[in-house]
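This briefing covers salt bridges, pockets and one annotated span. Please read it alongside the sequence and the model.

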Amino acid sequence: MSDSTVIATKNLNLWYNEKHALQDITMDIEKKKTTALIGPSGCGKSTLLRCFNRMNDLISHVKITGQLLLDEEDMLCNGMDVVALRKRVGMVFQRPNPFPKSIYENVAYGPRVHGINDRKELDTIVEKSLRHAALWDEVRDRLNDSALGLSGGQQQRLCIARTLAVEPEVILMDEPCSALDPIATAKIENLIEMLKEYYTVIIVTHNMQQAARVSDYTGFMYLGKLIEFDKTTTIFEHPNEDLTENYITGRFG
């Protein structure tokens, strides 16, 4: 595990009951880079993503073996504080899921949970998070309005701001643009480019053009296996595996 690696897996396996969903996944995720996971539906992309903040713990009858490290710390050990882990590794879901609260309270929610109640400190966190999510200029005059009144794209950026408010190291994004129109999608893609100045981003996407646009590294998955993992330019221009080339060129999937 190099100094530039934030998350590392080695021979990671996961079963849902008898279904072997992830098979011997070995990969290193680079700090302050964007990594995309691509592949057909059901190949294990989202399952792998959920491993990175132990979200699979919420599913019954899951068995995991192998190594999963965050900054060289064993994420799978029994003593791991999962709440603290999910503060360090935040998650943005496929569909925007703002709380039925004000815009301000959506962003302040996480810091409040972690014990921050000073209004001035919360004001600073809310503004900083909304700025980093490229939403501040659009909502600064209506922070007390309901978050449910925002457009879909704005709601997704608010959810990103809510994730940023607890100062994670890593941001996981599970198809964050699948429910958005092209204009909102472009804003999220621009935001991802800005975020990697401060954070490590891992994105699951079915959109190969999106993966090519936003990511530095790409992993191609198929039937629970990581077929190929490399710099995005290599994956899309000079893949080593025929299976990767066939998927990228649309011959299957």
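A salt bridge is taken here as a side-chain nitrogen of Lys or Arg within 4 Å of a carboxyl oxygen of Asp or Glu. By this rule the structure has 13 salt bridges. The model is predicted: local features need pLDDT of at least 70, side-chain atom pairs count only at pLDDT 80 or more, and totals for chains, interfaces and linings use all residues. Residues are numbered from 1 along each chain as its sequence is written, and side-chain values use heavy atoms, with hydrogens and water left out.

**Salt bridges**

- Side chains of opposite charge can pair when their charged atoms come close.
- Arg-112 and Glu-105 meet through their side chains in a salt bridge, at 2.9 Å from N to O.
- Relative accessible area is sorted as buried (under 20%), exposed (over 50%) or partly exposed (in between), with a 1.4 Å probe and protein chains only.
- Arg-112 is partly exposed at 29% relative accessibility, and Glu-105 is also partly exposed, at 24%.
- Helices (H or I, at least four residues) and strands (E, at least two) are DSSP runs, numbered from the N terminus.
- Glu-127 pairs with Arg-131 in a salt bridge whose closest N and O atoms are 2.9 Å apart.
- Glu-127 and Arg-131 are separated by about one helical turn, because they stand four residues apart in helix 4.
- Both ends of this pair are partly exposed: Glu-127 has 29% relative accessibility and Arg-131 has 42%.
- Arg-157 forms a salt bridge with Glu-138, with 2.8 Å between the closest N and O atoms.
- Arg-157 lies in helix 6 and Glu-138 in helix 5 (residues 136-139), so this pair ties together parts 19 residues apart in sequence.
- Arg-157 is buried, with a relative accessible area of 4%, whereas Glu-138 is partly exposed at 31%.

**Pockets**

- On a 1 Å grid over the protein atoms alone, a pocket is an open set of points where a 1.4 Å probe fits, with protein on both sides within 12 Å along at least five of seven lines; lining residues have an atom within 4 Å of a point.
- Grid points are joined across faces, edges and corners, and a volume is the space filled by probe spheres set on the points.
- The largest pocket holds about 580 Å³ of space.
- It is lined by 21 residues, and the closest to its centre are Arg-86, Met-91, Arg-162, Thr-163 and Val-166.
- Helix 2 (82-88), strand 6 (89-92), helix 3 (103-113) and helix 6 (152-164) each give two or more residues to this lining, and strand 6 supplies the largest share, four residues.
- Its lining divides into 12 nonpolar, six polar and three charged residues; Ala, Val, Leu, Ile, Met, Phe, Trp, Tyr, Cys and Pro count as nonpolar, Asp, Glu, Lys and Arg as charged, and the others, Gly among them, as polar.
- The second largest pocket has a volume of about 200 Å³.
- Of its 14 lining residues, the closest to the centre are Ile-125, Leu-164, Ala-165, Val-166 and Glu-167.
- Helix 4 (residues 119-132) gives the largest share of the lining of the second largest pocket, five residues.
- The lining of the second largest pocket divides into seven nonpolar, four polar and three charged residues.

**Annotated span**

- UniProt, in an unreviewed entry, places the feature "domain: ABC transporter" at residues 7-248; such annotations may be inferred rather than shown by experiment, and positions follow the numbering used here, with feature names shortened.
- Residues 7-248 are 37% helix and 27% strand, and the end C-alpha atoms of the span lie 26 Å apart.
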